[in-house]
Amino acid sequence: MKKRKNKKNYYTFGNFILIIVLIVLCVIIFKPFNSSTNEEKEDIKKKEKILTEEEKKLQTLNNIDKKLDFFKMENLDRYIAYKEKHNDLDDETIVVYVNIGLDQDFYTNVKDAPNKDTNKVITNKFYFLGSNYVPSDMVVINSKYTIGERKMQKDAANAFEEMVKDALEEGYTVKAASTYRSYTYQEGLYNKYKANDGEEKADTYSARPGYSEHQTGLAVDVSNGKTSYTDFGNTKEFNWMKENAYKYGFILRYTKETEFITGYMNEPWHYRYVGKDIANYIHNHPMTYEEYFVRFLDK
Ligand SMILES: [Zn+2]
């Protein structure tokens with residue numbers, strides 16, 4: 001009995017040593033795996049945290065990114081900041097306005113104008129044409145429809161002639177008082193206005209050189225040939241233009257209601273050729289060209 005008991009003790013002690021050795025081995029073998037797994041876990045945790053913050057921001061915008069194909073993830077923080085300042089606006093409007101650049105001052109963070117030499121070009125207080133840009137395909141408009149010699153890009157010139165010919169047949173005189181203006185001409189004009197009225201005032205009614213829609217060869221200031229073009233808003237011809245210009249591919253570009261978007265005061269005389277499709281869309285869904293651009297052309 002005594003012997004067997006000793007033997008049992010011996011085996012128990014042996015097992016105990018074996019277990020200790022196995023534990024030590026386990027610790028040695030698995031330690032590196034354990035520590036690497038921990039690092040990975042940390043990484044995953046970090047990534048999850050970043051994702052969650054972005055998701056939180058998207059939730060603040062009611063996940064509008066899922067609904068709009070012109071939502072720009074790189075503008076996410078700007079959307080959030082704009083929403084904080086303008087909590088009366090819906091999320092879609094916030095995305096549109098920030099994409100236009102309205103969360104920044106005019107003439108800041110300016111970019112090269114896209115779609116040059118097409119009717120889809122945009123130039124405004126965030127997009128410049130530059131000092132060297134001259135439209136490639138300009139023609140002189142029939143002098144019957146102009147005050148002085150006036151040039152526009154070919155398609156715009158043809159559409160303008162067709163429009164004012166039809167207007168004349170209905171008894172309305174619409175003439176081009178100013179169309180294409182070169183960079184240098186605009187520079188002289190703007191500097192004169194700035195000297196007279198100061199920069200802040202001049203900016204409300206005149207484009208800085210390199211930023212004028214007139215430099216695209218697609219814009220036209222009209223008059224009825226009897227009063228100054230600045231009185232055009234009070235003429236019967238203005239009403240005709242309001243009802244008909246879009247049929248020929250022209251849009252009224254600057255209105256009182258949209259001054260905060262375009263940066264320009266009401267200009268009933270200033271029309272921009274965008275082509276019939278875009279003009280028709282804007283006629284049916286009233287919006288500025290800036291809004292149209294970010295919704296459909298800036299992707
Ligand atoms: Zn103009």
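Which helix holds Glu40? In this predicted model, Glu40 sits in helix α1, which covers residues 2-60. Glu40 also belongs to a negative surface patch, together with Glu39, Glu42 and Asp43.

Now to the strands. An open sheet is built from four of them, and going across it the order reads β5-β6-β8-β7. Their pairing is antiparallel. From one strand to the next, the twist averages 50°. As background, strands of a sheet pair through backbone hydrogen bonds, in either a parallel or an antiparallel way.

| Strand | Residues |
|---|---|
| β6 | 219-223 |

A closer look at one pairing: β5 and β6 run antiparallel and are joined by three bridges. Ser178 has Asp221 of β6 as its bridge partner.

Salt bridges come next, and the structure holds 16 of them. One of these links Asp103 with Arg78, and their closest N and O atoms are 2.7 Å apart. Asp103 lies in the loop between α3 (91-100) and β1 (111-112), while Arg78 is in helix α2 (residues 76-85), so this pair ties together parts that are 25 residues apart in sequence.

Key
Residues numbered from 1 in each chain as written. Predicted model: local features only at pLDDT ≥ 70, side-chain atom pairs only at ≥ 80, totals over all residues. Heavy atoms only, no water. Patch = residues over 30% accessible without salt bridge, like charges linked within 9 Å, V, L, I, M, F, W, Y side chains within 5 Å. Areas by Shrake-Rupley, 256 points an atom, 1.4 Å probe, with all protein chains shown as cover. Salt bridge = Lys/Arg side-chain N within 4 Å of Asp/Glu carboxyl O. Lys, Arg positive; Asp, Glu negative; His and termini not counted. Charge placed at Lys NZ, Arg CZ, Asp CG, Glu CD. Helix = DSSP H or I, 4+ residues; strand = E, 2+ residues; numbered from the N terminus. Pairing = 2+ DSSP bridges. Axes fitted to C-alpha atoms, helices over the stretch in contact; angles between N-to-C directions.
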